[in-house]
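Try each one yourself before reading its solution.

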Amino acid sequence: MKSITAQKPLEELLESLGKAKKVFIVGCGTCPTMMGTGGVEQVSSLTERLGETRKKVTGSIVLPVACEPLPFEAQKEFLSEVDGAEAVLVMSCAYGVRAVADLLEIPVLPALNTLFIGREAEPGVFIEECSQCGDCVLALTGGICPITRCAKSLFNGPCGGSVGGKCEIDPKVPCGWQLIYDRLKALGRLEQMEVIIPPRDWSLSWSGGPRTYSLDEKERSKGSK
Amino acid sequence: MKAGTNLEKVLNAGYFAVTAEIGPPKGGSARVIESKGEMLRHTADAFNVTDNQTAVVRLSSLAACGILRRIGLDPVMQMLCRDRNRIMLQGDICGAVALGIGNLLCLTGDHVKFGNHPQSKVVFDIDSIQLISAVRTMRDEGKFISGEEVAGPIPIFIGAVENPYADPFEFRTARLSKKVRAGADFIQTQAVYDVPKFTQWMAEVCESGLDKQTHVLAGIIPVKAVGMARYMRDYVSGVEVPDWLVKRLEDAKDVREEGIKIILEIIEEVKLIPGVHGIHIQAVGWEEVVPEIVERAGLLPRPIV
């Protein structure tokens, strides 16, 4: 599992940098390195490309895990390296951007788009299998998530647009409910398809407002499971 | 009687029902709805109004159905789960009742990707089966999804759709059964062109006794031109247009007449299939052909019940 990211175009980075001339670049040694979007190579390539514009790259670093807090000594070192820059470009998912922004008083800008939390299904191809809805239904649906894999997040079987096992939105996209049907059939649990699943409690998902979770039960917000 | 609409009465009296679709304009003209309604007045028992079909913005189904009601027609309000959450859906159902609309067709809705605002955020808070069940609970138990009480009656004759041609084909009857269990009083199907496949599906429907619990109306889409037939065959999701149909239109001298003949043959065959209680004619953008089709199919005059 990793944060699936893609690079933003240079023009967009220049626009977000605005008047800031001196730029520091942060990469991430975890997901973006494995994805080839924000590792050592990509940081040096962005340094080069920015150098060809009127920006000046003051330095760069690839943090081992950009979304984790830095140990005290490393933090001090990081701050002194960044010192003098007018903005920071972070080549990581939004979590890394947030963690770096917490340390600095200058603009910390994303160089990547965070697409989804995904899995490498085949070499170089990543798929989303979980929308982090807060109330897992995989037990009812043969281990395939209808919220994530069905374009309409249906709960009671495929819509009328499922043809030849493909979704109506794109002949390359498998119908999530065809996948569920095939899996339940293989498991000998097709009777599950007959059950009418009632409306869902979306308050456990993003619809319930910004989510937090505490290991301390007393600190947990109401409704979280 | 659940709602006492004309459609419900016609079906309950055992007549072969005819419903016809009225496409609303891409603007605020009540006149367009009224004139289409006047044109079709004596040719069908009830009139569906689509709800931002294929995700293209149009005059709302609720308002259009209110206009049809005002000129004395029995509307079938189509309602999608794509654009409204459960608050808005239930609010609009109450609004429909207030306007005297008594038939409601519950659908999932085409994905926004097909429409003229593909960047929209989709809603899909509940799905069509959950919507059917919600309407039934509002009507029969006087309760909203939340369990709170509805103030006053919700007399709605509940409709649903089914596509006998979609996949997995083996699941299609089971899916219909889910809709009927959830509360569907009538079903309007996707367009029927491949009659043998539809007949096979209807046999399964009757075998599981669903024809005794709901009224199935076979979907009919008249084909105006060769290009339209090819387009539906190749691009419209969920519609299965056989090659022979395209071929017949291609070879015809008078394409319009050949298209009507094909549709009349399909209606003739469909009338004989056990368990089919009517037809639903969706003459997309070609409503003026409906009176001719209904007349030549021998389905006039419509019953007065």
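**Exercise 1.** Find the strand order of the open sheet of three strands in chain A, and work out which strands stand at the edges.

*Solution.* Step one: the order of this open sheet in chain A is 1-6-7, with antiparallel pairing. Strands here are DSSP runs of E with at least two residues, helices are runs of H or I with at least four, and both are numbered from the N terminus. Two strands pair if DSSP finds at least two bridges between them.

Step two: strand 1 (2-7) and strand 7 (125-128) of chain A each have a single partner strand, so they stand at the edges, and one side of each is left without a neighbour in the sheet.

Step three: direction ignored, neighbouring strands of this sheet are turned by 65 degrees against each other on average.

Step four: strand 1 of chain A runs antiparallel to strand 6 (residues 112-122) of chain A, and six bridges join them. A:Gln7 has A:Leu112 of strand 6 opposite.

A word on the source: this is a predicted model, where local features need pLDDT of at least 70 and side-chain atom pairs count only at pLDDT 80 or more, while totals for chains, interfaces and linings use all residues. Residues are numbered from 1 along each chain as its sequence is written, and chains are lettered from A and ligands numbered from 1 in the order in which they are written.

**Exercise 2.** Describe how helix 8 and helix 9 of chain B pack.

*Solution.* Start with the geometry: helix 8 (residues 226-235) and helix 9 (residues 243-251) of chain B pack at an angle of about 165 degrees, and their axes are 9 Å apart. Axes are lines fitted to C-alpha atoms, for helices over the stretch in contact, and angles run from 0 to 180 degrees between N-to-C directions. That angle makes the two helices of chain B roughly antiparallel (over 145 degrees).

Next, list the contacts (C-beta atoms, placed from the backbone, within 7 Å). From helix 8 of chain B come B:Val226, B:Ala229, B:Arg230 and B:Arg233, which meet B:Leu245, B:Val246, B:Leu249 and B:Glu250 of helix 9. Sorted by type, the residues of this contact are five nonpolar, no polar and three charged.

**Exercise 3.** How many residues does each chain bring to the contact between chain B and chain A?

*Solution.* Chain B brings 26 residues and chain A brings 25. On the side of chain B, helix 5 (128-141) and helix 6 (172-182) each supply at least two residues. The largest share, five residues, comes from helix 6 of chain B.

Key: Angles under 35 degrees count as roughly parallel, over 145 as roughly antiparallel, 65 to 115 as roughly perpendicular and the rest as oblique. Two residues are in contact if their C-beta atoms, placed from the backbone, lie within 7 Å. Ala, Val, Leu, Ile, Met, Phe, Trp, Tyr, Cys and Pro count as nonpolar, Asp, Glu, Lys and Arg as charged, and the others, Gly among them, as polar.
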